[in-house]
Amino acid sequence: MDSLVAGFLLLGGTLVGTLTWFGLRRQEGWALAALATGIVLAVALWAVAVAPYFRAGVRLAPGDAPPFIWVPAALVVPATVLGWIGLR
């Protein structure tokens, strides 16, 4: 099961890198929208994955989340705004 999760994380990272390299370098607005939507959906997916722990009464502090969850969640809005400004 761990290799399956690792494979999906590798797939997601590859897609984000490819969209950034080929889409944003050509200043395509659709690439910025796709990246922002993808990151929001990824953060929402992790929230759904953690929900059973909350229902079971497990208390998770903000520091318990690994950086690959909270860093994109914290930076998606500023990165999208800066990206939009850069595309103009």
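The part I have in mind is helix α1 (residues 2-23), together with the loop between α1 and α2 (29-55). What is found there?

Analyst: The model is a predicted one. Its protein chain has three helices and zero strands, and read along the sequence these give the pattern α-α-α.

Helix α1 covers residues 2-23 and includes Leu15. Leu15 belongs to a nonpolar patch on the surface, which it forms with Leu4, Phe8 and Leu11. Together, these four residues have about 410 Å² of accessible area.

As for ring contacts, Arg25 lies over the face of Trp21, 4.1 Å from the ring centre. A search for aromatic pairs, by contrast, finds zero in the whole structure.

Gln27 is placed in the loop between α1 and α2, the latter being residues 29-55. Although Gln27 is not a glycine, its phi is positive, at about 60°. Gln27 counts as exposed because its relative accessibility is 54%, and the cut-off for that class is over 50%.

The whole chain provides the setting for this part. Of its 88 residues, 9% count as buried. The C-alpha trace spans about 45 × 25 × 15 Å along its principal axes. The radius of gyration is 15 Å, whereas a compact globule of 88 residues would have a value near 12 Å.

Notes
Residues numbered from 1 in each chain as written. Predicted model: local features only at pLDDT ≥ 70, side-chain atom pairs only at ≥ 80, totals over all residues. Heavy atoms only, no water. Patch = residues over 30% accessible without salt bridge, like charges linked within 9 Å, V, L, I, M, F, W, Y side chains within 5 Å. Areas by Shrake-Rupley, 256 points an atom, 1.4 Å probe, with all protein chains shown as cover. Salt bridge = Lys/Arg side-chain N within 4 Å of Asp/Glu carboxyl O. Helix = DSSP H or I, 4+ residues; strand = E, 2+ residues; numbered from the N terminus. Phe/Tyr/Trp six-rings, centres within 6.5 Å; stacked < 30°, edge-to-face > 60°. Lys NZ or Arg CZ within 6 Å of the ring centre and 35° of its normal. Buried < 20%, exposed > 50% of the residue type's maximum accessible area, 1.4 Å probe, protein only. Rg over C-alpha atoms; globule rule 2.2 N^0.38 Å.
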